[in-house]
Amino acid sequence: APVDSAQQDRNTRNMRGIRMKMREKCLKLYNTRKFKEFQVPVLEQPLSSAVREGYRNCVENPMDLATLLWEIDRQIVKCVAHFRQRIQLIHDNAYKFNGPSGPEAQNTPSRADRIQEDGSQVQMYTIPESQETVLKAGAILEVEVKDITTQEVEWVPAKISEIKMLGEQVSSFVVHVVVQRQEEAGVWSDEYKPCDENKEWRWPLKFSKEQQDMDDVLSLQKANAKICSNATALVDEAEEELGKIDGWLIEETDKLVASTGYKLGPPTKETQQGLGGAVPSNGSQSKTPAHKPASTQHNSQRTPHSSQQSNLPQEPHRPPLQSGTILSVCIGGRLMLYGYAQNVWVPARVSRIIHDNFEVVPADHSLPP
């Protein structure tokens, strides 16, 4: 049946409204620290070639939160039913690869084997088989580090980079620390005192190779279990966030999309290959699509046949972007210092166009550059 113009306008507003709500919920999940493993495509994370190849062979349809945001923006994910399917896909992929029966659980590589092999990631310090227990530059010891997410404490290797003397006695020393856990990585320096031995720092404990191998196995099992646990938490938290959206809006837009015959297909080939690599950011005004469509023909495969989409609102025609165009961008984070909320829409001017990407500068000169 034909749809009158007033109904078409309501449909358009509802579809735009649910898209903005899904985008908001996706960004909230993305910015949640415990879901860091699911922020960007797994194949874009620092992994060894063996782990990377194992993931390709195991997971047929990769999915992550940055890709979900990309699909929402491009109206591939059109309604909450689609949103739930993508979140469930992230969960299922995590259990398929990191679960007890997954290939990652069957491997027991050492910590050094699991980092990126091209050397772009800084190596953790290796505890020597033997060394003098003397505080001097270059000595390797262990320092206490607390995981701010789990509040668990662990000892990680560190290297003394500077010794500070008071007369003939060591008053303090500076160590360089490298942490490269999959869920959290960092490099920093810190200062300790000799009197804090066995409290905040210690000399490395001596373990046999068998004990070290067993420690690597247990660490890997613990990391895999944490990923699976976080994947379950992702589904639960996504449902909680979706529950905050008006039920009538979810119901109306789900029905509207279903009436067109549109079916959400598997992630595109570009997504599976991890093209693009940009991630959503509240602190940057450079807007780069996470993934780029291969061609207009490829995108047309995502759209229902014209005879099936009479009720689906169409986006109004927009002129192509060019240098000097004024638009609005959603940013936040660093703007907290300027009295803005966490996420705000601010006017911006297109300053440069590079292929399918573009950069903007503030149109409001009271904002930081």
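Let's start with a word we'll need: a residue is buried when its relative accessible area is under 20%, exposed when that area is over 50%, and partly exposed in between (1.4 Å probe, protein chains only). Lys25, for one, is buried, at 7%. What you see is a predicted model, in which local features need pLDDT of at least 70 and side-chain atom pairs count only at pLDDT 80 or more, while totals for chains, interfaces and linings use all residues. Residues are numbered from 1 along each chain as its sequence is written, and side-chain values use heavy atoms, leaving out hydrogens and water.

Now for the inside. A nonpolar core is a set of buried Ala, Val, Leu, Ile, Met, Phe, Trp, Tyr and Cys residues joined through side-chain atoms within 4.5 Å. The largest one here has 40 residues, and Leu234 is among the members that touch the most others. Leu234 reaches Leu29, Phe35, Phe38, Leu65, Ile87 and Ile90, leaving aside residues up to four places away in sequence (contact means heavy atoms within 4.5 Å). Apart from this core lies another, of 15 residues, including Leu135 and Trp201.

Next come the charged pairs. A salt bridge puts a side-chain nitrogen of Lys or Arg within 4 Å of a carboxyl oxygen of Asp or Glu, and the count by this rule is 13. Arg23 and Asp73 form one, at 2.8 Å from N to O. Their bridge links helix α1 to helix α3, across 50 residues of chain (helices are DSSP runs of H or I, at least four residues, numbered from the N terminus). Our buried Lys25 pairs with Glu24 at 3.8 Å, N to O, and Glu24 is partly exposed at 43%.

Conventions. Helices (H or I, at least four residues) and strands (E, at least two) are DSSP runs, numbered from the N terminus.
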